[in-house]
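I opened the model to look up a few side chains and pairs. My notes follow, entry by entry.

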Amino acid sequence: MKKVLTIAGSDSSGGAGIQADIKTITAHKMYAMSAITALTAQNTTGVYGVMDATPDFVKNQIDCIFSDIRPDAVKIGMVSNIEIIEAIAEKLKEYKAENVVVDPVMVATSGSRLISDDAMETLINKLLPLGSIITPNIPEAEVLSGINIKSEEDMIKAAEIISKDIDGAVLIKGGHYDDNANDLLFDKGNIRWFKGKRIDTKNTHGTGCTLSSAIACNLAAGHSKEESIKNAKEYITGALKDGLDLGKGSGPLNHMYGLSFLKD
């Protein structure tokens, strides 16, 4: 069985963060492990509190995982301060972690800010360069590149700017467009578009977490970057199309839509 580690924050409502990652990894028939960077008090309507773990405790969690059950891939999500980012970067380099997917989580689906301004530079300089693939959405890519993104040409320009400081591939997710969900993969100058139809649903809580975890699972299985993204995009499309409708705000996906052994 392949093993996947998620390093991220906990979502008390279960739709995003560690909980979404573990569900996604389990749905891919892989073994999920976690290093929790923060506890959040949140639901489908917003984030109402964040309590960070200490950097030393984050290191302790990562040490316990790599020294016993080495992961075949690592997904990194919410990291809210400089010290935690530095702790994660230190440990991933120490253990020579492979197949690292970094989702630069900055704003929750509900609009709540999840990273401090002073941590942004550390994220860009120390964590993003460790990623095999980084997966910013349009707003995050605008922050990372410093340009406004209004078209597919802008997505390419932003990816070129972001790629200058990292060795890994950049996947800019186009889900914020109104008419499509086309994603751009920019890998060492090579461009590939992953076309997708926009699904008419308000329930998109945790889509970024879910996609990045699904990509990590596919990398762990030995697939190429392009095949991993293609498979992950198909998985998340199915989870959105399932039409789960929970909560008063932007509800979660059905990560387990593919399970067939459950009976009514």
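**Entry 1: N203**

I started with N203, which counts as buried at 7% relative accessibility. Buried means under 20% relative accessible area, exposed over 50%, and partly exposed in between (1.4 Å probe, protein chains only). I noted the ground rules too: this is a predicted model, local features need pLDDT of at least 70, side-chain atom pairs count only at pLDDT 80 or more, and totals for chains, interfaces and linings use all residues. Residues are numbered from 1 along each chain as its sequence is written, and side-chain values use heavy atoms, with hydrogens and water left out.

Where does N203 lie? I found N203 in the loop between β9 (190-194) and α7 (207-220). Helices (H or I, at least four residues) and strands (E, at least two) are DSSP runs, numbered from the N terminus.

Next I checked polar contacts. A polar contact is a pair of N or O atoms within 3.5 Å; within protein, one must be able to donate a hydrogen and the other to accept it, and residues adjacent in sequence count only if both atoms are side-chain atoms. The N203 side chain reaches the backbone oxygen of L244 at 3.1 Å. A polar atom of that side chain also lies 2.9 Å from the backbone nitrogen of G251.

Then I listed contacts (heavy atoms within 4.5 Å). Leaving out residues up to four places away in sequence, N203 touches L240, L244, D245, L246, G249, S250, G251, P252 and L253.

**Entry 2: T135**

I looked up T135 next. T135 sits in the loop between β6 (133-134) and α5 (138-145). T135 is buried, with a relative accessible area of 1%. Which side chain does T135 join in a polar contact? The partner is D103, at 3.2 Å, side chain to side chain. D103 is also on the contact list of T135, together with V101, V102, P104, E140, L171, K173, S212 and I215, again not counting residues up to four places away in sequence.

**Entry 3: Aromatic pairs**

I searched for ring pairs. Rings of Phe, Tyr and Trp (its six-membered ring) pair if their centres lie within 6.5 Å; planes under 30 degrees apart count as stacked, over 60 as edge-to-face and the rest as tilted. The count comes to two aromatic pairs.

F66 and Y95 are stacked, because their ring centres are 4.9 Å apart and their planes are at 10°. F66 is in helix α2 and Y95 in the loop between α3 (82-94) and β5 (100-102), 29 residues apart, and the pair links distant parts of the chain. Both F66 and Y95 are buried.

Y235 and Y257 are tilted, because their ring centres are 5.7 Å apart and their planes are at 35°. Y235 lies in helix α8 (residues 225-241) and Y257 in the segment after α8, so this pair ties together parts 22 residues apart in sequence. Y235 counts as buried at 9% relative accessibility. Y257 is partly exposed at 31% relative accessible area.

**Entry 4: Salt bridges**

How many salt bridges does a search of the whole structure find? I got 14. The rule: a side-chain nitrogen of Lys or Arg within 4 Å of a carboxyl oxygen of Asp or Glu.

I looked at K91 and D63, whose side chains meet in a salt bridge at 3.0 Å, N to O. K91 is in helix α3 and D63 in helix α2, 28 residues apart, so to speak of sequence, and the pair links distant parts of the chain. K91 counts as buried at 8% relative accessibility, whereas D63 is partly exposed at 23% relative accessible area. D63, K91 and E94 are linked in a network of salt bridges.

K126 bridges to E86, with the closest N and O atoms 3.2 Å apart. K126 is in helix α4 (residues 117-127) and E86 in helix α3, 40 residues apart. K126 is partly exposed at 40% relative accessible area, and E86 is partly exposed at 32%.

E152 and K195 meet at 3.9 Å, N to O. E152 is in helix α6 (residues 152-163), and K195 is in the loop between β9 and α7, 43 residues apart. E152 is partly exposed at 26% relative accessible area, whereas K195 is exposed at 57%.
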